[in-house]
Amino acid sequence: GGQPPRSNSSSNHQSLGNTITQRTAEATLFLKNIPDKTKETDIRSIFEPYATTANKKILGITLHASRGFCFVDFDAKLVVDAILRDVESSKEANKASGSNGEGSKFFIYGKFLDVGRKVQVDKGRGGGGSSQHRYRNRSASPGNGVYHKPQRGGGGHHHRRNSPRGGSRATGGPPQQQQQQQQQQQQPSQRNTGK
């Protein structure tokens, strides 16, 4: 009876997955040094004009003000490029005038936002990258099928240890059971090679 709703939720998950794949690390801003009273509307008012100018939009804002960081997802990398150029010129101007950034659009509640691109994902951890990484590892082992088979028969470790047939039976104890399971799995192939 409980099956149908469960499959329902999994299809929801898939559609959720699709929206995430549209977000790329290059098109996501990673903001640090955020004051804890910052609201999503504050972030939006700073960065949305860039998106609008480029005829693009903000896909989502993930704000963790209490932890001092925020992600802003855009639907195009060029918006992030424009923002980062602006941030750099603001920093240069601050340096030249000896200011701490006050009066700049990236200055919020007494702090100058640390604005960067969220490309850390490529180093191995993080949301969008994980599925790609999983694939990459899998294709790295050349024979896919071959790679998985030994794992099914008791972990591939025992395989190697028993390579002299029945060798581990002498040691007695649990390995024997493993040996029997493996023999059952291997019987067809033994029959072909043995006789």
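A residue is called buried under 20% relative accessible area, exposed over 50% and partly exposed in between, with a 1.4 Å probe and protein chains only. The legends below concern a predicted model, in which local features need pLDDT of at least 70, side-chain atom pairs count only at pLDDT 80 or more, and totals for chains, interfaces and linings use all residues. Residues are numbered from 1 along each chain as its sequence is written, and side-chain values use heavy atoms, with hydrogens and water left out.

**Figure 1. Overview of the protein chain.** Of its 195 residues, 28% count as buried. The protein chain has seven helices and six strands, where helices (H or I, at least four residues) and strands (E, at least two) are DSSP runs numbered from the N terminus. Along the sequence these elements follow the pattern α-β-α-β-β-α-β-β-β-α-α-α-α. A contact is defined by heavy atoms within 4.5 Å. Of the contacts in the protein chain with a separation of 6 or more, 59% are between residues 24 or more positions apart.

Figure 2. Helix α2 comprises the 14 residues 40–53. The expected span of a helix is 1.5 Å times one less than its number of residues; for α2 this gives 20 Å, and the end C-alpha atoms are 20 Å apart, which agrees. A kink of about 40° lies at Phe47, shortly before the proline Pro49. The bend at a residue is the angle between axes fitted to the seven residues ending there and the seven starting there.

**Figure 3. The buried residues of α2 and what covers them.** Asp42, Ile43, Ile46, Phe47, Tyr50 and Ala51 are buried in α2. An α-helix has 3.6 residues a turn, so residues three or four places apart point the same way. The cover over the buried residues of α2 includes the strands β1 (28–32), β2 (58–64), β3 (69–74), β4 (107–108) and β6 (114–117), together with helix α3 (77–97).

Figure 4. Rings of Phe, Tyr and Trp (its six-membered ring) pair if their centres lie within 6.5 Å; planes under 30 degrees apart count as stacked, over 60 as edge-to-face and the rest as tilted. By this rule there are six aromatic pairs. One of them joins Phe106 and Phe112 edge-to-face, at 6.4 Å centre to centre and with 80° between the planes. Phe106 counts as buried because its relative accessibility is 0%, and Phe112 is likewise buried, with a relative accessible area of 14%. Ring pairs link Phe47, Tyr50, Phe106 and Phe112 into a cluster.

Figure 5. When residues up to four places away in sequence are not counted, Ser90 touches Ser104, Phe106 and Phe112. Ala93 also has its place in helix α3, but at 42% relative accessibility Ala93 counts as partly exposed. The C-alpha atoms of Ala93 and Ser104 are 9.5 Å apart in space, the two residues being eleven apart in sequence.

**Figure 6. Phe69 and the pairing of β2 with β3.** Two strands pair if DSSP finds at least two bridges between them. Strands β2 and β3 run antiparallel and are joined by six bridges, and Ile58 stands opposite Phe74 in β3. The hairpin of β2 and β3 has four residues between the strands, and within this hairpin Gly68 takes a positive phi near 80°. Phe69 is placed in strand β3 and counts as buried because its relative accessibility is 17%. Its C-alpha atom is separated by 5.4 Å from that of Leu31, 38 residues apart along the chain. With residues up to four places away in sequence not counted, the residues that Phe69 touches include Phe30, Leu31, Ile34 and Leu63.

**Figure 7. Lys118 over the ring of Phe71.** A charge sits over a ring if NZ of Lys or CZ of Arg is within 6 Å of the ring centre and within 35 degrees of the ring normal. The charged end of Lys118 sits over the ring of Phe71, 4.8 Å from the ring centre.

**Figure 8. Two asparagines with positive phi.** Asn33 is found in the loop between β1 and α2 and has a positive phi of about 65°, although it is not a glycine. With a relative accessible area of 34%, Asn33 is partly exposed. Asn55 lies in the loop between α2 and β2, just after α2, and takes a positive phi of about 65°. Asn55 is not a glycine either, and this residue counts as exposed because its relative accessibility is 70%.
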